[in-house]
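Reader: Please walk me through how the features of a model are read, one at a time, with the general idea before each case.

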Amino acid sequence: MKSIVIGTAGHIDHGKTALVKALTGIDADRLAEEKRRGITIDLGFAHMALPTPGGDTLQIGFVDVPGHERFVRNMLAGVGGIDLVLLVIAADEAIKPQTREHFDILQLLGVKRGITVLTKSDAVDAETLDVVRLEVEEFLRGTFLQPPPAPLIAVSSLTGAGLDELQRAIVTVAAEVEPRDWQALARLPIDRVFTMKGFGTIGTGTLISGTIRREDELEVFPGGRRVRVRGIQVHGESAERAVAGQRTALNLAGAATEELSRGMTLVPPATFRATRVADVQLQLLPSASRAVKNHARVHFHSYSMETVGEVVLRRNPDDDAQGARMSPGSEAFARIRLPEPVLLLPGDRFILRQFSPVVTIGGGVVVDAAPVRRDLPDPNTLATMAGPNRQAILRARIRRHDHNGAHLLDLVAETGWTKSAIERELSELVKARQVVRIKDVSLVLEAWEWLKQRFVPSLEQFHRESPGGGHQQD
Ligand SMILES: Nc1nc2c(ncn2[C@@H]2O[C@H](COP(=O)(O)OP(=O)(O)O)[C@@H](O)[C@H]2O)c(=O)[nH]1
Ligand SMILES: [Mg+2]
């Protein structure tokens with residue numbers, strides 16, 4: 001059985017919540033204010049199961065996001081863990097500002113799969129539908145949602161037209177979604193906390209990697225509080241475990257509802273370290289209205305977390321006297337400083353929004369959340385650490401620890417990989433004589449040679465001068 005999370009995206013009133021209801025029967029607008037005003041303010045959740053042609057079951061969790069421009073930050077808290085997006089565009093309004101902003105965000109987050117849904121097909125005539133379809137095709141050209149191969153489907157949540165076709169497309173596209181790693185270290189960014197009568201504290205989120213079992217002890221980031229998993233629910237049913245790719249609700253012992261909040265992350269205890277600095281690959285949207293200056297203040301969003309941050313840029317030869325800056329549409333390595341410690345790992349995607357007025361200006365991917373240098377390292381080192389070669393990544397990470405070496409536990413905390421995954425790569429590096437390993441500490445060969453040169457002669461001299469092996473008695 002495969003589990004995936006589907007997110008909605010698109011402008012307000014384009015029919016996202018109605019579509020989720022038409023597909024699942026669940027009204028994701030759960031707040032009284034949402035029902036009264038008829039708009040989505042916060043994230044909503046729903047689920048369904050679909051049979052696959054192979055006779056298997058596809059389990060789907062939905063995250064329904066608000067389209068209103070004032071609630072983009074709520075949208076960001078939910079969209080980080082999705083595997084597949086339904087980009088919703090109403091046939092009677094076509095592309096609107098949050099269609100663009102949400103689509104920018106999806107691209108910056110590296111969402112790879114999706115379906116574009118033209119909703120309210122009943123509200124327009126066939127000719128208008130064709131015109132809108134062409135306009136949308138033009139908008140999506142060259143992107144991950146370009147039709148074909150990505151599906152573009154007209155539906156009406158009112159009449160049900162097109163919904164069968166959409167379900168078939170969901171099954172087809174879901175089959176292409178790469179399953180998340182359930183053997184990796186568990187990470188659950190919390191997006192909702194509430195009290196359930198008779199149970200106590202419930203925290204929910206999209207399990208982005210690993211497995212969580214009943215009775216597991218977990219650590220809360222930030223803060224370090226320990227909690228115990230008293231119970232697990234997946235898609236409204238009790239479960240012994242939750243695996244990566246599932247919407248997960250945990251009944252937690254050891255924390256009151258007020259002590260947990262959206263933006264915190266649950267992870268295995270004593271494994272990770274919080275950081276206030278991250279080196280990142282940063283991309284500014286071509287639509288950003290101005291350049292980002294060195295030390296600019298921004299809003300930083302990653303998974304369900306948001307905070308204020310400062311962008312530190314490398315100086316380029318062509319920067320003027322005003323200092324380093326990054327222009328709209330450009331890409332560079334940069335450093336982000338955060339006012340409070342957060343949990344980030346290499347590969348985590350993030351979104352930057354301008355400090356004021358608050359609009360999405362860019363985003364990117366974390367390269368190193370445990371920098372050892374005061375300044376940005378050279379681009380080659382960062383490019384290696386951002387690259388796909390795990391042995392090269394590990395070697396670059398060990399190298400920067402120089403002759404202190406890197407402990408296995410440092411490497412786990414820095415990479416987010418499991419001990420056994422690191423051991424595997426390490427043994428290859430040792431075989432290739434690139435790394436020397438002494439118990440749990442690894443050094444690159446150059447650092448080891450330096451140590452030997454520095455200390456072996458003095459050790460030899462020491463032994464010569466004290467033939468008793470150095471053990472002297474008073
Ligand atoms: N005619 C028609 N109206 C729809 C359809 N889907 C949604 N609506 C209406 O459009 C409005 C906004 O829908 P909603 O799902 O709340 O939009 P959201 O803001 O994107 O979640 C509501 O009044 C819906 O009843 C549809 O397929 N056809
Ligand atoms: Mg809605």
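Author: We may start with Phe455, whose place is in helix α11 (residues 445-465); helices (H or I, at least four residues) and strands (E, at least two) are DSSP runs, numbered from the N terminus. Phe455 counts as partly exposed, at 42% relative accessibility, where buried means under 20% relative accessible area, exposed over 50% and partly exposed in between (1.4 Å probe, protein chains only). Between Phe455 and Gly347 there are 108 residues in sequence and 39 Å in space, C-alpha to C-alpha.

Reader: What should I keep in mind about numbering and confidence?

Author: Residues are numbered from 1 along each chain as its sequence is written, while chains are lettered from A and ligands numbered from 1 in the order in which they are written. This is a predicted model, in which local features need pLDDT of at least 70, side-chain atom pairs count only at pLDDT 80 or more, and totals for chains, interfaces and linings use all residues; side-chain values use heavy atoms, with hydrogens and water left out.

Reader: At what angle do the axes of helix α3 and helix α4 cross?

Author: Two packed helices are described by the angle between their axes and the distance between the axes. Here the axes of α3 (residues 72-79) and α4 (residues 97-108) cross at roughly 30° and come within 12 Å, the axes being lines fitted to C-alpha atoms, for helices over the stretch in contact, with angles that run from 0 to 180 degrees between N-to-C directions. That makes α3 roughly parallel to α4, given that angles under 35 degrees count as roughly parallel, over 145 as roughly antiparallel, 65 to 115 as roughly perpendicular and the rest as oblique. From α3, Val72, Met75, Leu76 and Val79 make the contact, and from α4, Glu101, His102, Ile105 and Leu106, contact meaning heavy atoms within 4.5 Å. The contact of α3 with α4 comprises 6 nonpolar, 1 polar and 1 charged residues (Ala, Val, Leu, Ile, Met, Phe, Trp, Tyr, Cys and Pro count as nonpolar, Asp, Glu, Lys and Arg as charged, and the others, Gly among them, as polar).

Reader: How many residues of α3 are buried, and against which elements do they pack?

Author: α3 is mostly covered, with 7 of its 8 residues buried, and these buried residues pack against β3 (57-64), α4, β7 (188-196), β18 (296-302), β22 (349-354) and β23 (360-368).

Reader: Which residue's side chain is joined to that of Glu101 by a polar contact?

Author: The partner is Arg353, and the polar contact between the two side chains is 2.9 Å; such a contact is a pair of N or O atoms within 3.5 Å, where within protein one must be able to donate a hydrogen and the other to accept it, and residues adjacent in sequence count only if both atoms are side-chain atoms. Arg353 lies in strand β22 and is buried, at a relative accessible area of 6%. Residues up to four places away in sequence aside, Arg353 touches Val72, Arg73 and Leu76, among others.

Reader: How do α8 and α10 pack?

Author: α8 and helix α10 (residues 419-431) pack at an angle of about 85°, and their axes are 10 Å apart, which makes α8 roughly perpendicular to α10. Among the residues that make this contact are Leu394 and Ile398 of α8 and Ile422 and Leu429 of α10, and by class the contact of α8 with α10 divides into 6 nonpolar, 1 polar and 4 charged residues. Ala396 is also found in α8 (residues 390-399) and is buried, with a relative accessible area of 7%; beyond its neighbours within four places in sequence, Ala396 is in contact with Thr384 and Met385.

Reader: At what angle do the axes of α9 and α10 cross?

Author: They cross at roughly 110°, and the axes of α9 (residues 408-415) and α10 come within 10 Å, so α9 and α10 are roughly perpendicular to each other. In α9, Leu408, Leu409, Leu411, Val412 and Thr415 meet Lys419, Ile422, Glu423 and Leu426 in α10.

Reader: Where is a peptide bond cis, and which residues have a positive phi?

Author: Most residues other than glycine have a negative phi, and most peptide bonds are trans. The bond from Pro148 to Pro149 is cis, with omega near 10°, and a cis peptide bond also joins Ser356 and Pro357, where omega is about -10°; Pro357 is placed in the loop between β22 and β23. His235, which is not a glycine, has a positive phi of about 50° and is buried at 13% relative accessible area, whereas Ala270, with phi near 50°, is exposed at 64%.
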